[in-house]
Amino acid sequence: MDFATAIQILDSAVRLMTPLLLACLAGLYSERSGVFDIGLEGKMLMAAFTSAAVAFVTGSPWLGLLAGIAGSMALSLIHGLASITFMGNQLISGVAINFLASGMTVLLGQKIFGLGGRTPSLTGGGRFGEITLPFADSLRNVPFIGPIYADLISGHTILVYVAFLCVPLTWWVLFRTRFGLRLRAVGENPASVDTAGVSVTRLRFAAIAICGILCGLAGAYLATGLSAGFVKEMTAGRGFIALAALIFAKWRPWNALFATFLFGLLEAIANRYPNLEIGPITIPSMFMNALPYILTVIILAGFVGRAIPPRAGGEPYVKER
Amino acid sequence: MAAAAQQIGGRPDEAAPAAIELRGISKAFGPVQANRNIDLKVPKGTIHGIIGENGAGKSTLMSILYGFYKPDRGQILVNGQALTISDSQTAIRAGIGMVFQHFKLVQNFTVLENIILGAEDGALLRPSLAKARGVLKQLAKDYQLNVDPDETIEELSVGHQQRVEILKALYRQADILILDEPTGVLTPAEADHLFRILEGLKAEGKTIILITHKLREIMEITDNVSVMRRGEMVASVRTAETSPEELAELMVGRKVLLEIDKAPANPGAPVLEVRDLKLVDDEGVERLRGISFDIRAGEILGIAGVSGNGQTQLLELLGGYPEKGSKVSGTIRMNGEVLDLTGTKSDAATRRRRGIGHVPEDRQVEGLIMDFAAWENVAFGYHDKPEYQRGLLMNNAAIKADAGKYMEDFDVRPRDPNLAARNFSGGNQQKIVVAREIERNPDLLLVGQPTRGVDIGAIEFIHKRIVELRDAGKAVLLVSVELDEILSLSDRIAVMFDGRIMGERLPDQTTTGELGLLMAGVTETGPVPDAAGTPPARQQGTDRPEGRG
């Protein structure tokens with residue numbers, strides 16, 4: 001494997017990890033506040049559909065992005081209403097959201113576009129364009145650094161850069177701001193926040209709203225950045241992989257970057273080498289394609305050491321009697 | 001009663017508006033009337049005790065004052081001004097701080113982070129943290145409240161965690177400090193330190209409300225005391241003008257024997273012989289470091305100690321269910337026969353068949369299934385008895401009949417075997433567990449914290465039954481963190497510290513002071529060497545009781 005190929009694989013990994021990273025950070029906000037969210041998948045799917053549909057109709061990916069955020073946010077609010085306001089079971093609410101999104105997107109897609117649940121392909125202006133960073137072309141011929149800058153760092157859509165910026169931003173919010181302190185506290189011991197005179201409900205709703213926005217970005221990127229339009233079940237389990245990455249990352253933003261990069265890299269390698277040949281053995285493409293999912297299972301089975309989730313996670317907050 | 005409350009407020013030396021005045025506060029949770037028409041007046045700069053049995057409504061009342069619950073009716077006056085306390089933020093602004101019984105701290109935050117949580121000065125943390133660090137230093141100096149600000153809470157002892165809670169309130173400039181059962185988790189020395197802190201705060205003009213069920217604390221530190229019973233305020237009196245006996249009677253509504261009436265023990269042959277018991281838990285921590293003792297028939301051995309010094313592990317191991325992954329060594333002999341420590345015959349069921357009854361420390365987790373009915377709970381651990389079987393099915397009628405009988409014997413209220421365990425009060429839950437174990441007439445009864453969270457009437461009752469069991473020639477191992485309970489119930493006292501028995505004493509030849517030192521790991525020869533050192537010389541006090549050192 002030469003240098004150029006490596007750059008290509010890494011470049012592809014960056015693209016593929018972006019929706020995972022956004023969804024992972026979305027889950028991070030929600031779960032750090034004590035609300036488990038297995039509905040990441042559904043929210044992303046809904047966002048992918050609404051963004052693709054609006055982007056097709058209006059021709060603007062930006063309006064599509066807003067629609068994506070709105071679609072995901074709507075599901076987030078349902079989750080909040082069910083699990084925070086009415087103190088329902090967070091897992092069940094999350095499962096319901098996944099089913100709802102899976103069915104609604106296809107139903108609406110068929111009703112509106114009549115293409116069997118797809119949206120029409122987005123062309124030209126309907127998608128997010130690739131941004132060429134300054135000097136990318138002139139630096140391309142500088143050995144080593146040139147290709148890294150021009151091909152790996154430059155040439156992605158705006159959402160990729162947003163996703164990467166969200167990592168230090170999330171770290172800063174979580175560990176350097178009042179909001180972050182309260183968010184972490186409410187996920188560990190909501191009573192401590194409540195007795196300090198701060199509303200647990202408001203904090204948790206804020207967290208799932210951020211979760212909704214980030215899932216919206218992830219879904220919009222899938223439909224209007226990574227591909228050109230919505231197809232049925234296009235998230236393909238990415239929401240669940242993001243959850244696995246979140247556990248792998250032990251609910252920390254920088255770790256989330258590396259965890260999702262690992263998944264993106266595996267997917268990129270599988271795309272690049274459908275039949276990987278190692279000496280006399282040929283690894284079949286099915287296996288390569290299954291790799292991210294296999295890794296998910298291994299991670300969830302606890303092979304990564306003990307990951308301690310936020311202590312109050314999964315529990316609706318009830319004032320003790 | 002209102003008239004009694006007026007008595008305090010009416011004194012000339014307390015003419016200034018009371019720090020806290022409650023008028024006609026009522027609060028119901030569903031059908032349960034937790035507070036009924038409560039009047040209370042707490043003069044400024046005093047320590048005011050609120051005493052009452054479990055479920056009397058003390059904590060509810062204070063939670064209302066702290067804005068945690070909204071009262072259905074009634075008025076709250078703070079420093080003479082009527083105030084609607086709709087949330088804790090309002091209470092905090094009015095200068096009220098509360099230290100809850102179960103601390104409201106974030107375990108993996110530092111002390112500093114916990115202090116500023118909810119009282120930050122701006123959107124960014126850095127300036128708040130810097131300010132809190134300075135304030136903390138000052139408070140530590142003023143009130144002997146030393147805590148390392150950068151330690152995480154989980155690294156701190158309970159005593160220090162409590163200091164953090166007090167610091168939290170003081171950081172919010174509380175003038176009125178409410179403490180809910182603050183000494184339940186403390187060693188006597190820590191409790192003394194806490195009382196010194198409270199006296200220091202009082203000297204600074206702060207008002208302190210102390211909720212407790214311990215009469216001794218009320219007598220020791222409070223200026224006035226209010227007594228609650230079944231949601232009502234039954235009396236408010238000056239502490240100097242009352243006595244423990246009078247307070248106990250007011251709490252329960254009838255005369256209570258504070259001293260347990262028991263004849264001298266008449267020990268027979270050893271029932272339980274424990275030799276060099278060691279236990280290393282799955283995290284590699286040595287929980288038991290060579291425990292040896294005997295219990296004879298007709299004797300109560302009390303194990304004193306601050307919780308977390310191996311008592312739990314000892315009880316679980318004797319009961320047949322040490323924590324998974326623990327490594328165990330040593331020998332246990334029951335009526336002369338060696339018990340299996342690790343094999344298939346070491347489980348709780350086998351132990352029960354050998355005549356070991358067990359009232360576990362945490363009745364709500366280990367003793368009962370809270371959502372099951374009382375009659376089902378009565379069968380647990382004994383459900384495989386032949387009289388409870390009917391072919392492949394359970395003989396529910398037989399179990400229910402037993403349950404009814406036990407509830408009658410132990411005066412469990414309400415006497416409804418079909419009620420879920422959850423719906424009984426703490427004292428009645430405990431009576432169900434104690435009844436289940438004592439009614440099987442065990443040769444050895446293991447009892448962990450028999451009266452934790454149990455009201456004074458039930459305590460009296462449970463203590464009496466334990467003594468009766470002893471008088472019937474049975475052996476009892478009593479583990480409790482309540483020194484008073486250990487002292488009044490035990491025939492011999494062993495003190496545990498850090499997985500070892502520090503020494504044995506006879507209850508009438510020792511003092512709380514001496515036991516307190518042992519509980520803190522201090523012997524006559526100085527503090528114990530740490531884990532790496534040689535084990536300390538054990539006190540063999542069984543036949544040769546030690547006097548005071």
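1. In this predicted model, V280(B) has E286(B) as its bridge partner in β12(B).

2. Strands of a sheet pair through backbone hydrogen bonds, in either a parallel or an antiparallel manner.

3. Helix α15 (residues 426-438) of chain B packs against helix α16 (residues 456-471) of chain B at an angle of about 10 degrees, and their axes are 10 Å apart. Angles under 35 degrees count as roughly parallel, and α15(B) and α16(B) are therefore roughly parallel to each other.

4. Which residues make the contact between α15(B) and α16(B)? From α15(B) they are G427(B), Q430(B), K431(B), V434(B) and I438(B); from α16(B) they are A458(B), I462(B), R465(B) and L469(B). By class, the residues of this contact comprise 5 nonpolar, 2 polar and 2 charged.

5. Chain B is divided into domain 1 (1-85 + 209-241) and domain 2 (297-326 + 339-527). The C-alpha centres of these two domains of chain B lie 35 Å apart. Domain 1 of chain B gives 4 residues to the contact, and domain 2 of chain B gives 8 residues. On the side of domain 1 of chain B that touches domain 2 of chain B there are 3 polar residues, 1 charged residue and no nonpolar residue.

6. The contact between the chains takes 19 residues from chain A and 22 residues from chain B. On the side of chain A that touches chain B, α8 (178-188) and α9 (190-195) of chain A each supply at least two residues. That side of chain A has 8 charged, 6 nonpolar and 5 polar residues.

7. For chain A, an unreviewed UniProt entry carries the annotation "transmembrane region" on residues 12-30, 42-59, 153-174, 205-224, 256-274 and 286-304. Over residues 12-30 of chain A the model is 100% helix and 0% strand, with the end C-alpha atoms 28 Å apart. Over residues 256-274 of chain A the corresponding values are 89% helix, 0% strand and 27 Å.

How values were computed:
Residues are numbered from 1 along each chain as its sequence is written. Chains are lettered from A and ligands numbered from 1 in the order in which they are written. This is a predicted model: local features need pLDDT of at least 70, side-chain atom pairs count only at pLDDT 80 or more; totals for chains, interfaces and linings use all residues. UniProt positions are given in the numbering used here, feature names are shortened, and annotations may be inferred rather than shown by experiment. Helices (H or I, at least four residues) and strands (E, at least two) are DSSP runs, numbered from the N terminus. Two residues are in contact if their C-beta atoms, placed from the backbone, lie within 7 Å. Ala, Val, Leu, Ile, Met, Phe, Trp, Tyr, Cys and Pro count as nonpolar, Asp, Glu, Lys and Arg as charged, and the others, Gly among them, as polar. Two strands pair if DSSP finds at least two bridges between them. Axes are lines fitted to C-alpha atoms, for helices over the stretch in contact, and angles run from 0 to 180 degrees between N-to-C directions. Angles under 35 degrees count as roughly parallel, over 145 as roughly antiparallel, 65 to 115 as roughly perpendicular and the rest as oblique. Domain bounds come from an automatic or database domain assignment.
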